Amino acid sequence: MGEARRIVVKVGSSSLTTAAGGLDADRVDALVDVLAKARAADREIVLVSSGAIAAGLAPLGLPRRPSDLARQQAAASVGQGLLVARYTASFARYGVRVGQVLLTSDDMSRRAHHRNASRTLDKLLAMGAFPIVNENDTVATDEIRFGDNDRLAALVAHLVRADLLVLLSDVDGVYDGDPSRPGTSRLSEVRDMADLAGVDIGSAGKAGVGTGGMVTKVEAARIAAAAGIPVVLTSAVHATDALAGGDTGTYFHATGRRFADRLLWLQHASAPQGALVLDDGAVRAVVQGRKSLLPAGIAGVEGEFAAGDPVELRDGTGRAVARGLVNFDAKEIPRLIGRSTRELARELGPAYEREVVHRDDLVILHP
């Protein structure tokens, strides 16, 4: 951990705000002190920060986090400006400029948007600015969050080719039971997710201003570790030790290898807009043969989607076996079903002599 040069740090709402809502300036300053010190030691840091909705509660007179989407978005709209202003003022003490990057899952599942996000973050780091990432809560429609930004942090870590992901919370690691009860102990290492079998992960955080909990943090750790990125999960008060490689929190060893960024987003962040039902031969070709999906292998279509949208690929029982970016609108699919690309090209033109889902835009969900 101490040797990691490029690090993504994620901090939750409960570590930045009061339980009643509103930013805690002392907590923000304490976190910035740690991050600025690490940056001065020639380490590149990207911060994924929750807190926009929580920061907007008090200014809008909201006693608690609202349950409806419209008021959540309103709180995020007010709170995001306050959050970045607080970070800007705090980093200014060290002569560091910050850059705000707001993302949605849709941004990251589309090729052009994905490339833009990657370039922006790389350029901010190259120019000496400090990137602060959050979900664009004010326009999110499917869900207001990725998972309290935990999953977003795992995906950003892969996007920027980080050496380490640090998840900061109000809990100092994963325990083998309820940490408030006597007899439980902290798990110092997780070498494989099987190490957590039988462990009650729990749910909500203690402060009540965020939406995540240990479940979303462990899931984020699983995503990052499977993509070749080790993870430290600990409390915000132990951030210095986490960045220095000290014995703190729970350390998740990398369990897999890095692969295409966009495919990680497709698997873990995209919201399928519809589904294509495959015949048995196409299921074998896609899942076992890692082939592209051709029109001849489609048996049915479900939902409304446009070319470029993520869709599920299902077998005859309805099980989703893969997910991919489709090359045609839903309304075009019925006339393609069961036909060869050569036949379609003769009848409809050369634009139809192609895959419905290319293998480079496809992830397998169930091998």
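Q: In which strand does Glu312 lie?

A: Glu312 belongs to strand β11, which covers residues 310–314; helices (H or I, at least four residues) and strands (E, at least two) are DSSP runs, numbered from the N terminus. This is a predicted model, in which local features need pLDDT of at least 70 and side-chain atom pairs count only at pLDDT 80 or more, while totals for chains, interfaces and linings use all residues. Residues are numbered from 1 along each chain as its sequence is written, and side-chain values use heavy atoms, with hydrogens and water left out.

Q: Is Glu312 buried or exposed?

A: Buried means under 20% relative accessible area, exposed over 50%, and partly exposed in between (1.4 Å probe, protein chains only). Glu312 has 17% relative accessibility and therefore counts as buried.

Q: In what order do the strands of the open sheet of 8 strands stand?

A: Strands of a sheet pair through backbone hydrogen bonds, either parallel or antiparallel, and two strands pair here if DSSP finds at least two bridges between them. The order is β3-β4-β2-β1-β5-β7-β8-β6, with mixed pairing. Because β3 (98–103) and β6 (189–190) each have a single partner strand, one side of each is left without a neighbour in the sheet.

Q: In which sense do β1 and β5 pair?

A: Strand β1 (residues 6–11) and strand β5 (residues 164–169) pair in the parallel sense over 5 bridges, and Val9 has Val166 in β5 as its bridge partner.

Q: Why is helix α6 described as largely enclosed?

A: Helix α6 (residues 150–159) is largely enclosed by the rest of the structure because 9 of its 10 residues are buried, among them Leu152 and His158.
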